[in-house]
Amino acid sequence: MFELSEEHREFRQSVRDFAEAEIAPHAAEWDRKHYFPVEVVQKMGRLGLFGLTAPEEYGGAGGDFTSLCVAIEEISRVDQSMGITLEAAVGLGINPILTYGTDEQKATWLPDLVAGEKLAGFGLTEPESGSDAGATKTRAVLDGGEWVIDGSKQFITNSGSSITSCVTVTARTGERPDGKPEISTIIVPAGTPGFVAEAAYDKLGWHASDTHPLSLSGVRVPESNLLGRRGKGFAQFLATLDDGRVAIAAVALGCIRACLELSVQYAGERQTFGGPIGRKQGVAFQIADLKVMADAAELLVYRAAALKDAGASVADFKQAASVAKLYATESAVTATRIATQVFGGYGFMEEYPVTRFYRDAKILEIGEGTSEVQRMLIARSLGLPVE
Ligand SMILES: Cc1cc2nc3c(=O)[nH]c(=O)nc-3n(C[C@H](O)[C@H](O)[C@H](O)COP(=O)(O)OP(=O)(O)OC[C@H]3O[C@@H](n4cnc5c(N)ncnc54)[C@H](O)[C@@H]3O)c2cc1C
C-alpha cells in the first residue's frame, strides 16, 4: 500500500497550517488586485520551502523531492498562484543552477534563492517557440570575454518581481556540425543593461503570480555566466522540465483536493427540495469522481517523486513524470468544472474560491509542456514512432 512517511505527513501538516494562516485568507484579494505578495514569498522562504531539496552548504535542508511535492501540493490547495511561485522558483530557478552551475555560480546565486529572499526565472519560451523549444531565436555571441545576447522571451514566471535576482535564458550560441542550432544556457542578472522585464501579463488566472515577457537587446554578461557546458542547453532544459512536470502535477493535485473538500462541505450544507444537495445522486456521484481523481493523481505524483528520490533510471522517471503531469493537470481542469457546478450560481461568483480555481486550472494543461506534448512523450516512451 502506498503511504507517505510519518515525517512527510508531519511536514504536510506544518505547511498546511502556514498556508491556512498566511495565504488562504488573502488569496482572493491578491487575485483581484493582481498583487504578487513578496512579503509572503519571503515568509515561505523563512519556513524553508525554497531550500527543501538544496544542500545544506547553500542553506537548504538537503531533503527529498517528495517533501517539495508535499509543500507545493499544500500551498496550491489554498492558492495556485503561490503554489506555482514555489514550484517555478525551485524547479526552474534554483534547480538549473544547482545541477549545472560552477561552484562560483552556486555560491553567488543560491544562498539568497534557497532562503527565498530572491527569485530566479527560467527563460526558455519565446514568442515563436514554445512546444518547439529548440526553435529558439535568441542569440548569444562571444565578444571580448562577454556574451552579447539579443532576443526575447515569453511568459516567464518569477522574472520581473522586485526580488528577482536573475533569469537563466536559452540562446543559440552557434551551429552544430549536423546543421542544427547549438543551444546554451546563460545566467542574466536582473538589472543588466538591455535586459528588460516588460509589463506583467493580464492573465486568465494565476493573477498573483509574476509572469513577464522579457526583451534582451545587446545584453552583455561575462563569459563565465554560461550555465553548464556550451551546446548542452537543450539537454539541460529537457532534464529541468522532467522535475518541473512532477512539481506542476503537485500544483494540480492541490487544486483537485481543494475542489473535493469544498464540494463535500457545500453539498452537505446547500438545501434544495427539502434536503442537502449531497443527497441527490446527480451531485454526490460527481463528488465521488473528484475523490477518484484526487487519489489517482496523488498516487501518480508521489510515484514519480519516489522514483526520483530512489534514483530510478532517467527513462522510467521521464515516463512517470509525463504520466503524472498529464493525468493530474487534466483532472484538475475537470475537477474545477465539477466543483463550480456543485456550487451552482455561487460557483460563478468570485466570493467563492472554486471560481478562482476554475480560472487558475486551465494553464496547468499548458505550462511545462502541454497535454499534447505529454502524450507525445508517453507514446515515444512506449516505442511508438510518433513525430
Ligand atoms: C502563466 C504561464 C507561465 C509560464 N512560465 C514559463 C516559464 O517560467 N518559463 C518558460 O520558459 N516558459 C513558461 N511558460 C510557457 C509555456 O511553457 C508554453 O506556453 C507552453 O510550453 C506552450 O508553448 P506555446 O505557448 O508556444 O504553444 P505552442 O507550442 O505554439 O502550441 C500551441 C498548440 O499546439 C499544440 N502543439 C504544438 N506542437 C505540437 C505537436 N508536435 N503535436 C501536437 N500538438 C502540438 C500545443 O499542444 C498547443 O495546444 C509559461 C506560460 C504561461 C501561460
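UniProt positions are given here in the numbering used for this structure, with feature names shortened, and such annotations may be inferred rather than shown by experiment. The structure is a predicted model, so local features need pLDDT of at least 70 and side-chain atom pairs count only at pLDDT 80 or more, while totals for chains, interfaces and linings use all residues. Residues are numbered from 1 along each chain as its sequence is written, and side-chain values use heavy atoms, with hydrogens and water left out.

UniProt, in an unreviewed entry, lists "domain: Acyl-CoA oxidase/dehydrogenase middle" at residues 122-218. That span is 0% helix and 53% strand, and its end C-alpha atoms lie 19 Å apart. Helices (H or I, at least four residues) and strands (E, at least two) are DSSP runs, numbered from the N terminus. The record's "domain: Acyl-CoA dehydrogenase/oxidase C-terminal" (unreviewed entry) covers residues 231-382. Those residues are 76% helix and 3% strand, and the end C-alpha atoms are 28 Å apart.

Now for the inside. In soluble globular proteins, nonpolar side chains tend to be buried together. A nonpolar core is taken as a set of buried Ala, Val, Leu, Ile, Met, Phe, Trp, Tyr and Cys residues joined through side-chain atoms within 4.5 Å. Buried means under 20% relative accessible area, exposed over 50%, and partly exposed in between (1.4 Å probe, protein chains only). The largest such core has 85 residues, and Ile23, Leu49, Phe50, Ile75 and Leu86 have the most contacts inside it. Helix α7 (residues 233-269) gives the most to this core, with 14 residues. A second, separate core holds 15 residues, including Val169, Ala171, Ile186 and Val219.

Setting aside neighbours within four places in sequence, Arg245 is in contact with Ala321, Ser322, Lys325, Glu368, Gly369, Val373, Gln374 and Leu377.

Next, the charges. Side chains of opposite charge can pair when their charged atoms come close. With a salt bridge defined as a side-chain nitrogen of Lys or Arg within 4 Å of a carboxyl oxygen of Asp or Glu, the count comes to 25. One of them joins the side chains of Arg257 and Glu73 (2.8 Å, N to O). Arg257 lies in helix α7 and Glu73 in helix α4 (residues 65-78), so this pair ties together parts that are 184 residues apart in sequence. Both Arg257 and Glu73 are buried. The two also belong to a network of salt bridges linking Arg12, Arg16, Glu73, Glu74, Arg257 and Glu298.

Another salt bridge brings Lys318 and Asp242 together (2.9 Å, N to O). This pair links distant parts of the chain, with Lys318 in helix α9 (residues 314-342) and Asp242 in helix α7, 76 residues apart. Lys318 counts as partly exposed because its relative accessibility is 34%, whereas Asp242 is buried at 7%. Glu22 and Lys43 form a salt bridge too (2.9 Å, N to O). Glu22 sits in helix α1 (residues 6-23) and Lys43 in helix α3 (residues 38-46), 21 residues apart. Glu22 is partly exposed at 25% relative accessibility, and Lys43 is partly exposed at 32%.

Of the 18 residues around it, Thr125, Ser131, Phe155, Thr370 and Glu372 come nearest, where a residue is near a molecule if one of its heavy atoms lies within 4 Å of it. An oxygen atom of the ligand is 2.6 Å from an N or O atom in the side chain of Ser131. A ligand oxygen is also 3.0 Å from a polar backbone atom of Leu124, and a ligand nitrogen is 2.8 Å from an N or O atom in the side chain of Thr157.

Technical notes:
A polar contact is a pair of N or O atoms within 3.5 Å; within protein, one must be able to donate a hydrogen and the other to accept it, and residues adjacent in sequence count only if both atoms are side-chain atoms. Contact means heavy atoms within 4.5 Å.
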